[in-house]
Amino acid sequence: MSEQTAQEGTARTRRVVVVGAGMAGVQTAVALREQGFAGDVTVIGAEPHQPYDRPPLSKAVLLGKAEDSAFDLDFDSLGVDLRLGCEALGVRPGDRELDTEAGPVPYDVLVLATGAEPVTLPGTEGVPGVHLLRTLDDATRLRPVLARQHDIVVVGAGWIGAEFATAAREAGCAVTVVEAADRPLAGVLPAEVAAPMAGWYADSGAELRTGARVERVEPGAVVLADGTRLPADAVVVGIGARPATGWLAGSGIERGAFGEVVTDARLRASAPGVYAVGDCASFPSARYGERLLVHHWDNALQGPRTVAANILGETEAVYDPVPYFWSEQFGRFVQYAGHHAAADRLVWRGDPASPAWTVCWLRGDRLVALLAVGRPRDLAQGRRLIEAGRAMDPRALADPGRPLKDATAG
């Protein structure tokens with residue numbers, strides 16, 4: 001057992017401070033209690049709202065079908081000191097103190113769970129009618145925009161852009177989505193997989209413009225680089241997110257190329273007594289042979305259990321999940337499991353022009369990732385096959401009528 005883990009193993013009656021009151025931060029507190037941690041647990045959140053789940057923001061909350069998406073948790077009964085509306089300003093690992101707007105907070109173990117923040121579109125600061133969609137306040141500001149059925153321009157055809165466009169069309173808005181790349185999800189999926197998804201926009205009544213760079217945003221309009229002027233009562237920017245870690249500058253805690261906290265396989269940061277989890281952290285994956293930075297809900301749910309186990313110190317828990325996420329867009333349920341960067345073969349299951357199909361990625365004869373559209377059984381079985389590292393029969397895999405679990409080799 002490492003010196004750090006041994007030291008933290010005595011932390012049962014000591015102080016764990018969690019920075020971030022989103023899914024990763026809240027689940028860290030829950031996991032600590034579930035695993036028997038008896039010490040003090042403090043969760044510090046920058047937003048004033050009760051901790052809430054983010055996926056409903058682009059769906060039920062945005063459309064006015066729910067007022068919020070607060071977690072159904074009693075923090076008092078959990079023995080968790082919840083401090084909201086309190087922004088973290090810095091960390092002094094040598095003193096084991098967290099600096100906040102309300103003053104320094106001492107800790108024995110610190111968990112960084114500050115998530116990610118949306119990338120803004122340069123030149124849009126202060127322009128009226130420009131929106132992001134990351135927080136409850138963002139969704140609250142956008143809800144009346146949809147209710148008034150405004151003309152909306154969405155910048156970015158990634159996951160959040162597609163989900164927002166879906167909600168806006170459901171609300172009856174005229175929607176134009178502009179994407180600088182030549183296809184939707186260009187930074188996430190290969191061209192042949194993303195290509196069928198381009199048609200989903202037109203099917204829903206939204207206009208998708210690819211290869212369209214934004215020159216500037218003016219009140220009431222988006223001007224493209226080719227001079228095209230798109231009327232816009234509102235502009236929603238969905239061009240990516242980055243780890244919310246700028247406040248760690250000067251702390252000595254190592255950060256990676258994207259600003260994320262660099263952790264080891266046990267989610268420990270470079271400073272003693274500090275862990276990082278969720279969207280703000282990257283971890284080394286032995287399964288995929290590279291460091292992963294995963295900005296998805298399931299990662300924020302699963303990682304805290306590893307953090308809690310390592311804080312208790314009874315075992316050294318390694319974090320190496322099969323990444324998973326889902327998206328509901330244009331009447332389709334899209335699910336992805338794994339990581340396909342190192343794959344050397346792609347296998348289709350079904351016709352991508354149909355309502356339901358799956359794409360599988362193989363490395364050698366091992367399934368490493370799959371994208372399932374309207375085929376949740378494929379996803380569930382495929383995820384288990386990836387976890388097990390089973391060898392697959394590519395010909396059997398390509399038969400959409402054959403269960404994935406029956407497409408193994410041998």
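**Note on two open sheets**

1. Glu 328 has Phe 333 of β23 as its bridge partner. Strands here are DSSP runs of E, at least two residues; helices are runs of H or I, at least four residues; both are numbered from the N terminus. Two strands pair if DSSP finds at least two bridges between them.

2. The model is predicted: local features need pLDDT of at least 70, side-chain atom pairs count only at pLDDT 80 or more, and totals for chains, interfaces and linings use all residues. Residues are numbered from 1 along each chain as its sequence is written, and side-chain values use heavy atoms, leaving out hydrogens and water.

3. β22 and β23 (residues 332-338) run antiparallel and are joined by six bridges. Helix α5 (residues 159-170) packs on the sheet and touches β22 and β23. Contact means heavy atoms within 4.5 Å. The direction of α5 makes about 30° with that of β22. Axes are lines fitted to C-alpha atoms, for helices over the stretch in contact; angles run from 0 to 180 degrees between N-to-C directions.

4. Helix α6 (residues 191-204) also packs on this sheet, touching β22, β23, β24, β25 (357-363) and β26 (366-373). Its direction makes about 160° with that of β25.

5. The sheet is open, with five strands in the order β22-β23-β26-β25-β24 and antiparallel pairing. β22 (324-329) and β24 (345-349) are the edge strands, each pairing on one side only. From one strand to the next, the twist averages 15°.

6. Another open sheet has three strands, ordered β4-β5-β6, with antiparallel pairing. β4 (88-92) and β6 (103-106) each have a single partner strand, so one side of each lacks a neighbour in the sheet.
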